[in-house]
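User: I am new to reading protein structures and would like to learn how to go through one feature at a time. Could we look at one together?

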Amino acid sequence: MNDTPEKEAIIVTITAIPDLYDELVAALQKLMPETRRFQGCIQAHLLLAPERGEVVIFQIWENSEVQSAYLTWRADRGDFDRLAEFIQDEQIFRTYELG
């Protein structure tokens with residue numbers, strides 16, 4: 001049995017409030033360099049679908065513990081509260097272990 005923590009992939013689908021898509025994308029793009037530098041982040045990308053008003057955040061982390069620490073850090077800074085003003089529906093947040 002493997003005791004090494006599994007890498008964690010995160011996929012978050014966000015639907016922007018109509019007419020605020022560009023603002024949402026700009027706000028997320030400002031956060032990406034910090035995300036990529038956060039200890040334990042392997043990859044972080046934004047996938048854009050302006051025709052649907054959607055943004056998908058795709059990240060790969062060394063393990064679920066560092067990913068959880070990242071989310072706590074973002075929440076403590078108020079980043080999620082600031083982004084909420086651009087978001088129409090509840091985000092769809094999914095995690096996967098990389099096999």
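**The sheet and its helices**

Analyst: In this predicted model, an open sheet of four strands is arranged in the order β2-β3-β1-β4, and the pairing is antiparallel. Strands (E, at least two residues) and helices (H or I, at least four) are DSSP runs numbered from the N terminus, and two strands pair if DSSP finds at least two bridges between them. Residues are numbered from 1 along each chain as its sequence is written, and side-chain values use heavy atoms, with hydrogens and water left out. Because the model is predicted, local features need pLDDT of at least 70 and side-chain atom pairs count only at pLDDT 80 or more, whereas totals for chains, interfaces and linings use all residues.

User: Which strands does helix α2 touch?

Analyst: Contact means heavy atoms within 4.5 Å, and angles, from 0 to 180 degrees, are taken between the N-to-C directions of axes fitted to C-alpha atoms, for helices over the stretch in contact. Helix α2 (residues 64-77) packs on the sheet and touches β1, β3 and β4, its direction making about 135° with that of β3. Helix α1 (residues 21-37), for its part, lies across β1 (8-15), β2 and β3, and runs at about 170° to β2.

User: Why do the buried residues of α2 line one face of the helix?

Analyst: An α-helix has 3.6 residues a turn, so residues three or four places apart point the same way. In α2, the buried residues are V66, Q67, Y70 and R74. Seen down the axis of α2, these residues fall within an arc of 105° (taken from the directions from the helix axis to the C-beta atoms), so they line one face. E65 and D76, on the other side of α2, are exposed.

User: How many aromatic pairs does the structure hold?

Analyst: Rings of Phe, Tyr and Trp (its six-membered ring) pair if their centres lie within 6.5 Å, and planes under 30 degrees apart count as stacked, over 60 as edge-to-face and the rest as tilted. The structure holds five such pairs. The rings of F38 and W61 have their centres 6.0 Å apart and their planes at 75°, so this pair is edge-to-face. F38 lies in the loop between α1 and β2 while W61 lies in strand β3, so the pair ties together parts that are 23 residues apart in sequence. W61 is buried, with a relative accessible area of 0%. The rings of Y70 and W73 have their centres 6.1 Å apart and their planes at 40°, so that pair is tilted. F38, W61, Y70 and W73 form one aromatic cluster.

Key: Buried < 20%, exposed > 50% of the residue type's maximum accessible area, 1.4 Å probe, protein only.
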